[in-house]
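Have a look at the fold before reading on.

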Amino acid sequence: MSDVFLFSLHSQPIADLGKALTVLNLSRIEKGKRPILFHTDASQAFGKVSVDVKALHVDFLTVTGHKFYGPRCGAVFCRKDLLGLMKPIFFGGGQERNYRPGTENTVDIVGLGKAAELVHLHLEEWRINLVRIGQYLAERMQKTFGDTFVFNFSVKTDSVLPNTFSVHFIDPRCKGYLVLQHAARTEASTGAACHSGTYATHLNYFLN
């Protein structure tokens with residue numbers, strides 16, 4: 001059985017990591033070592049940018065429906081030759097190819113498929129619109145707040161997801177939650193759900 005290393009990333013250079021692992025695995029196999037298997041969480045990227053498992057060189061990939069206007073369910077891609085590594089965490093009936101017991105949620109499965117079809121058909125149109133909105137937001141923030149804030153990253157200045165925007169207010173009096181109290185038509189988060197209850201003392205490696 002192969003060693004499995006899971007890299008669950010969003011908008012990071014997945015294709016570059018995948019290519020590097022492909023080369024590394026050739027060397028590992030030649031030395032009699034087990035290959036490193038590559039998983040990516042594409043929930044944030046799917047529906048905003050092109051997601052191609054072959055171009056990304058991934059072995060496993062997961063998506064979440066509610067991130068691209070679908071039902072709140074998900075799907076996992078697994079390379080055919082690696083299906084034997086997939087093991088159920090629940091046991092009972094033989095549904096979902098014996099991976100998950102219980103009656104299939106047909107409505108959500110169909111809804112997820114339809115949502116994926118729609119974002120695939122309209123991807124470039126929607127991406128351009130998201131970029132346009134992001135650029136407008138960046139320009140308005142620069143005009144409104146001037147030198148009191150900096151972009152951690154934005155679609156205006158960086159190669160990031162077109163719907164992703166991160167800023168940092170320099171003025172200690174200008175707290176994010178206070179700004180949002182006066183922004184009647186703007187929704188934003190002052191933290192991350194995955195860091196709930198914690199305080200980040202430094203920027204993420206990829207933000208740096």
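What does the accessible surface of the chain come to, and what share of it belongs to carbon and sulfur atoms? About 14800 Å², with 57% belonging to carbon and sulfur; the areas come from the Shrake-Rupley method with a 1.4 Å probe, and for residues only the protein chains shown count as cover. Keep in mind that this is a predicted model: local features need pLDDT of at least 70, side-chain atom pairs count only at pLDDT 80 or more, and totals for chains, interfaces and linings use all residues. Residues are numbered from 1 along each chain as its sequence is written, and side-chain values use heavy atoms, leaving out hydrogens and water.

Now the layout. The chain has four helices and six strands, running β-α-β-α-β-β-α-β-β-α from the N terminus. These elements are DSSP runs numbered from the N terminus (helices are H or I with at least four residues, strands E with at least two). Of the 208 residues, 24% are buried, where buried means under 20% relative accessible area, exposed over 50% and partly exposed in between (1.4 Å probe, protein chains only).

On to the inside. A nonpolar core here is a set of buried Ala, Val, Leu, Ile, Met, Phe, Trp, Tyr and Cys residues joined through side-chain atoms within 4.5 Å. The largest has 15 residues, and Val58, Leu61, Val63 and Phe68 have the most contacts inside it. At least two residues each come from α1 (14-30), β3 (60-64) and α3 (106-145), with α3 giving the most, three. A second, separate core of five residues includes Met141, Phe169, Cys174 and Val179.

Phe169 turns up again in an aromatic cluster with Phe145, Phe149 and Phe151. Rings of Phe, Tyr and Trp (its six-membered ring) pair if their centres lie within 6.5 Å; planes under 30 degrees apart count as stacked, over 60 as edge-to-face and the rest as tilted. That rule gives five aromatic pairs. Phe149 and Phe151 have ring centres 5.1 Å apart and planes at 80 degrees, so they are edge-to-face. Phe149 counts as buried because its relative accessibility is 6%.

Phe151 also touches Ser166, a residue of strand β6 (residues 166-169). Leaving aside neighbours within four places in sequence, Ser166 is in contact (heavy atoms within 4.5 Å) with Phe151, Asn152 and Phe153. Its relative accessibility is 16%, so Ser166 is buried.
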